[in-house]
Amino acid sequence: MNNHNIPASVWKVNVDVLKRFLVFTVACTCVGVVYMQWTYIWMLRAEMAEITQRFRPLDTAGKEGGICCDAAVCYGVSCYHRFLERRKHEGGRDKRDVTEQKKQRKRRQTEKHTFLHLVPVSSQSYRQSRGEGLQVSGDTVTVEAEGTYFIYSQVLYKDTTWVMGHVITKRLKGAETKLMKCLKSMPSNVSQPLNTCYTAGIHFLESGSSLQLSVPRKSAELILTAHATFMGLFSI
């Protein structure tokens, strides 16, 4: 059928019907959206009302009769007195906390912490120490006061071997325990390879135990200066 033979009045009627259909569709969509939003708002209001009823503050819950009530139980105690008792209890607890903190701070200030810092005797022979909990004999550190210690060590290597490292060993009553190991790859594309290896850790040391830093390769070339090679520990 040729569309050119359709009268113009028929085209006009079809266009009007299409416009009315589109207007009706848009109107229905808008009404549906508005209804969904109204339903959601109504649900939120209902939830807020329920939450307010269940968790309203004690000082405003007892306006009628001068008693404190919640959703489940009604206590025959004045809200004002309950508030004063709560403030008094919290104030006493805060004072106790502050007093305990002051005691702990004073105890930390007066408490003597044991520490020891060693450097190689081949370069600069000195050591820094405080307390009597650690004793040094040769290249061995002996623990007199048991406790938890932070142990650290560093060695500066000048060697062509591709991997260098050292070990912190603990000995106690004939038993030997390797507490820490440090391994470091050495640069291979330089004429004088240099590299440091640092390690640290926290360990419990028994009274009578001894510590020693050793380099497995006896022919290793080291830089024995105070700022480059050292070992130390302190009680925590």
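This report walks through the strands, salt bridges, aromatic rings and surface of a predicted model.

## Before you start

Residues are numbered from 1 along each chain as its sequence is written, and side-chain values use heavy atoms, with hydrogens and water left out. Since this is a predicted model, local features need pLDDT of at least 70 and side-chain atom pairs count only at pLDDT 80 or more, while totals for chains, interfaces and linings use all residues.

Let us begin with the strands. Helices (H or I, at least four residues) and strands (E, at least two) are DSSP runs, numbered from the N terminus. Two strands pair if DSSP finds at least two bridges between them. Strands of a sheet pair through backbone hydrogen bonds, either parallel or antiparallel. Here, five strands make up an open sheet with antiparallel pairing, and their order is 5-6-11-8-9. Strand 5 (134–137) and strand 9 (175–185) are at the edges with a single partner strand each, so one side of each has no neighbour in the sheet. On average, neighbouring strands of this sheet are turned by 20° against each other, direction ignored; for such angles, axes are lines fitted to C-alpha atoms, for helices over the stretch in contact, and angles run from 0 to 180 degrees between N-to-C directions.

Strand 8 (residues 163–172) runs antiparallel to strand 11 (residues 210–214), and five bridges join them. Across this pair, Thr169 faces Gln212 of strand 11. Strand 11 also holds Leu211, which is buried at 1% relative accessibility (buried means under 20% relative accessible area, exposed over 50%, partly exposed in between, with a 1.4 Å probe and protein chains only). Leu211 and Thr169 lie 42 residues apart in sequence, yet their C-alpha atoms are 5.6 Å apart in space.

## The hairpin and its charged network

Strand 8 and strand 9 are antiparallel, joined by 10 bridges. They form a hairpin with two residues between them, and Lys173 in the turn has a positive phi of about 55°. Leu172 is placed opposite Ala175 of strand 9.

Some charged side chains can be found here too. A salt bridge is a side-chain nitrogen of Lys or Arg within 4 Å of a carboxyl oxygen of Asp or Glu. Glu176 makes one with Arg171, where the closest N and O atoms are 3.1 Å apart, and another salt bridge joins Glu176 to Lys178 at 3.9 Å between the closest N and O atoms. Through these shared partners, Arg171, Glu176 and Lys178 belong to one network. Arg171 is partly exposed at 32% relative accessibility, as is Glu176 at 48%, and Lys178 is also partly exposed at 48%.

The whole structure has four salt bridges. One of them brings together the side chains of Asp159 and Arg217, at 3.3 Å from N to O. Asp159 sits in the loop between strand 7 (147–157) and strand 8, and Arg217 in the loop between strand 11 and strand 12 (222–223), so this pair links distant parts of the chain, 58 residues apart. Asp159 is buried, with 8% relative accessibility, whereas Arg217 is partly exposed at 32%.

Strand 13 (residues 230–235) is mostly covered, with five of its six residues buried. Four bridges pair it antiparallel with strand 3 (residues 115–118), where His117 has Gly232 of strand 13 as its bridge partner. Strand 7 pairs with strand 13 in the antiparallel sense as well, over six bridges, and Ile151 is opposite Leu233 of strand 13.

Rings of Phe, Tyr and Trp (its six-membered ring) pair if their centres lie within 6.5 Å; planes under 30 degrees apart count as stacked, over 60 as edge-to-face and the rest as tilted. The count comes to three aromatic pairs. Phe150, Tyr152, Phe230 and Phe234 make up one aromatic cluster.

## A nonpolar patch on the surface

Which residues form a nonpolar patch on the surface? They are Tyr35, Met36, Trp38, Trp42 and Met43, with about 680 Å² of accessible area together. Patches are made of residues with over 30% relative accessible area and no salt bridge, with like charges joined within 9 Å and nonpolar side chains (Val, Leu, Ile, Met, Phe, Trp, Tyr) within 5 Å. Accessible areas come from the Shrake-Rupley method with a 1.4 Å probe, and for residues only the protein chains shown count as cover. Tyr35 belongs to helix 1 (residues 8–54) and is exposed, at 56% relative accessible area.
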